[in-house]
Amino acid sequence: MPRVRVHQHVNPLAPFYRFEPPPIELSGIFADAALPLFLDLGCARGRFILKMAELEKQQNFLGVEIREPLVAEGNRLAREADLTNLHFEFCNAMMALDHLLENIPEGILQTVTIQFPDPWFKKKHAKRRMVNAELVETVVRHLAPGGRIFVQTDIEFLAREMFDLFRSRENLREISITENPFPVKTEREKAVEEKELPVFRTMFVKE
Ligand SMILES: C[S@@+](CC[C@H](N)C(=O)[O-])C[C@H]1O[C@@H](n2cnc3c(N)ncnc32)[C@H](O)[C@@H]1O
């Protein structure tokens with residue numbers, strides 16, 4: 001089946017994307033809802049978590065994406081691959097992640113990844129960036145003690161901005177890393193590597 005065609009970017013502040021998704025019920029989307037949860041924010045076509053879900057059967061993988069056709073495509077691929085530990089949700093993470101995660105059990109969210117989010121270079125578009133104070137607060141609140149947040153980008157100013165938002169949270173310990181700690185690379189990471197661009201990455205652990 002051909003790849004679904006989508007707009008390269010969508011404006012997350014447009015009225016269409018200002019919606020509150022229904023809170024997810026893990027038992028409705030995963031075969032074993034008690035497994036540790038891995039959340040990939042801004043997962044695009046979801047190939048990273050698709051591969052991760054194949055490799056790590058003892059975790060559940062949730063991809064969150066604002067471009068709805070990619071969510072439908074990801075869920076179709078998960079069904080076709082019989083992956084009952086993989087699911088995709090349509091959500092504007094910069095303003096509605098808290099609604100989506102409202103009902104997840106305490107202590108279940110073990111890993112969060114934020115990889116190469118859109119930089120929105122122009123100053124007047126800064127408010128469109130996915131990683132804002134609200135998203136950081138939500139992620140840290142839901143993360144289990146000992147849980148990890150992995151953030152990477154090839155855009156230096158964006159790295160600084162995102163890392164500083166996480167660094168401002170008292171209950172996170174930063175672990176400096178040079179390599180991607182996961183056995184899979186995202187589409188964007190592969191493209192950046194091919195161009196031999198630098199990647200800025202870090203990891204936080206909740207105390
Ligand atoms: C540059 S792509 C990177 C995709 C993937 N993480 C990778 O590394 O290949 C950024 C992705 O984040 C999605 N995105 C942007 N803003 C978002 C938001 N507010 N909520 C959810 N997804 C968002 C975009 O649609 C896009 O798929």
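Me: What is Gln-59 in contact with, leaving aside its neighbours within four places in sequence?
Reply: Leu-35, Pro-36, Phe-38, Asn-85 and Thr-111. Contact here means heavy atoms within 4.5 Å. One thing to keep in mind: this is a predicted model, where local features need pLDDT of at least 70, side-chain atom pairs count only at pLDDT 80 or more, and totals for chains, interfaces and linings use all residues. Residues are numbered from 1 along each chain as its sequence is written, and side-chain values use heavy atoms, with hydrogens and water left out.

Me: Why is Gln-59 called buried?
Reply: Buried means under 20% relative accessible area, with exposed over 50% and partly exposed in between (1.4 Å probe, protein chains only). Gln-59 has 16% relative accessibility, so it counts as buried. Gln-59 is found in the loop between α2 (47-55) and β2 (60-65).

Me: What makes the pair Gln-59 and Glu-56 a polar contact?
Reply: The term needs a pair of N or O atoms within 3.5 Å; within protein, one must be able to donate a hydrogen and the other to accept it, and residues adjacent in sequence count only if both atoms are side-chain atoms. The side chains of Gln-59 and Glu-56 are joined at 3.4 Å.

Me: And which residue's side chain has a polar contact with that of Asp-40?
Reply: Thr-113, at 2.7 Å. Asp-40 sits in strand β1 (residues 37-41).

Me: How do you know that Asp-40 is buried?
Reply: Its relative accessibility is 3%, so Asp-40 counts as buried. Not counting residues up to four places away in sequence, Asp-40 touches Phe-48, Ile-49, Leu-62, Gly-63, Val-64, Thr-113 and Gln-115.

Me: Buried or exposed: what about Phe-116 and Trp-120?
Reply: Phe-116 comes in at 9%, so buried; Trp-120 has 13%, so buried. Phe-116 lies in the loop between β4 (109-115) and α5, and Trp-120 lies in the loop between β4 and α5. Phe-116 has a positive phi of about 55 degrees although it is not a glycine, while phi of Trp-120 is near 45 degrees, a positive value too.

Me: How do α4 and α5 pack, and why is that arrangement given its name?
Reply: Helix α4 (residues 93-101) and helix α5 (residues 133-142) pack at about 25 degrees, with axes 8 Å apart. That makes α4 roughly parallel to α5, because angles under 35 degrees count as roughly parallel, over 145 as roughly antiparallel, 65 to 115 as roughly perpendicular and the rest as oblique.

How values were computed:
Helix = DSSP H or I, 4+ residues; strand = E, 2+ residues; numbered from the N terminus. Axes fitted to C-alpha atoms, helices over the stretch in contact; angles between N-to-C directions.
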